Amino acid sequence: MSRMLYLKASPRGSRSHSVAVADAFVEQWKAVNPGAEVVVRNLFEMELPPFDGDRIMAKYNIMHGRGHSLDEKRAWTEVEAIIEDFKSFDRYVFAVPMWNFGVPYRLKQYFDILIQPGYTVGMNEKGYFGMLEDKKAFVAYSSGGVYGAGNPVETYDYQSTWMRMILGFIGITDVVSAEARGMLLDGRDARRSDAVVQAAELARGF
Ligand SMILES: Cc1cc2nc3c(=O)[nH]c(=O)nc-3n(C[C@H](O)[C@H](O)[C@H](O)COP(=O)(O)O)c2cc1C
């Protein structure tokens, strides 16, 4: 039986457009997968350790085949717990607003913790490879503006491009999405409704 982790990267609660779209996906998925477990977490409420001094040294020591000091060991235990928790799921849902053309800093921090050599990313003679297998993700995007192909600011979208890249980097390549764009522009309600409908459709075959 699949286990789903639903991560919200918006702190805006019931006002969040990305959460509304992701909620529609999760509700539909639950309807077609009765009994499946869904764990919901908001990245702005989760305890996330800063990825600082001891943790960076611990990471570099792993990369260079060295051991850990006592402080590094302690700091690394928290990192390992977050990675193991993430890896225990096989379905992921992300609600991701665009913030300054990228993703909110709490989501970036979460991936800084998750992406570790030997845990989620391996290295061989060809370079890096993602270590996660048989996982799927759905991402609900929202933004104030519109960034479609042919748009003059098309290249400013470092939100969906980064999410796709970073999920692929750890091995999650089966990724679908729905986008609530132009949430600060006229016509917002119709575009959000379209994204909600698309999310529910995608959930049926997920
Ligand atoms: C800190 C911050 C930065 C933002 N930066 C952008 C941006 O670069 N481009 C954009 O189109 N919208 C931007 N917005 C607008 C949000 O993407 C938009 O309001 C979206 O609906 C927020 O997602 P949410 O409703 O799920 O919280 C920004 C909003 C905030 C709070």
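Two strands pair if DSSP finds at least two bridges between them, and strands (E, at least two residues), like helices (H or I, at least four), are DSSP runs numbered from the N terminus. In strand E7, Ser-177 is the bridge partner of Val-139. The structure discussed here is a predicted model, in which local features need pLDDT of at least 70 and side-chain atom pairs count only at pLDDT 80 or more, while totals for chains, interfaces and linings use all residues. Residues are numbered from 1 along each chain as its sequence is written.

The chain holds six helices and seven strands, which follow one another along the sequence as β-α-β-α-α-β-α-β-β-β-α-β-α. For 206 residues, a compact globule would have a radius of gyration near 17 Å, and the 18 Å of the chain agrees with this; the radius is taken over C-alpha atoms, and the globule rule is 2.2 Å times the number of residues to the power 0.38.

A residue counts as buried if 20 or more other C-beta atoms lie within 10 Å of its own, as exposed if 12 or fewer do, and as partly exposed in between, with C-beta atoms placed from the backbone.

In helix H2 (residues 53-63), Arg-55, Ala-58 and Lys-59 are buried; they cover an arc of only 100° around the axis, which puts them on the same side of H2. The arc is that of the directions from the helix axis to the C-beta atoms. Gly-53 and Tyr-60 are exposed on the other side of H2, and just after this helix Gly-65 takes a positive phi of about 70°.

Around the ligand stand 17 residues, the closest being Ser-10, Ser-18, Pro-97, Gly-144 and Gly-145, where a residue is near a molecule if its C-beta atom, placed from the backbone, lies within 6 Å of it. Helix H1 (residues 17-32) supplies the largest share of this shell, three residues.
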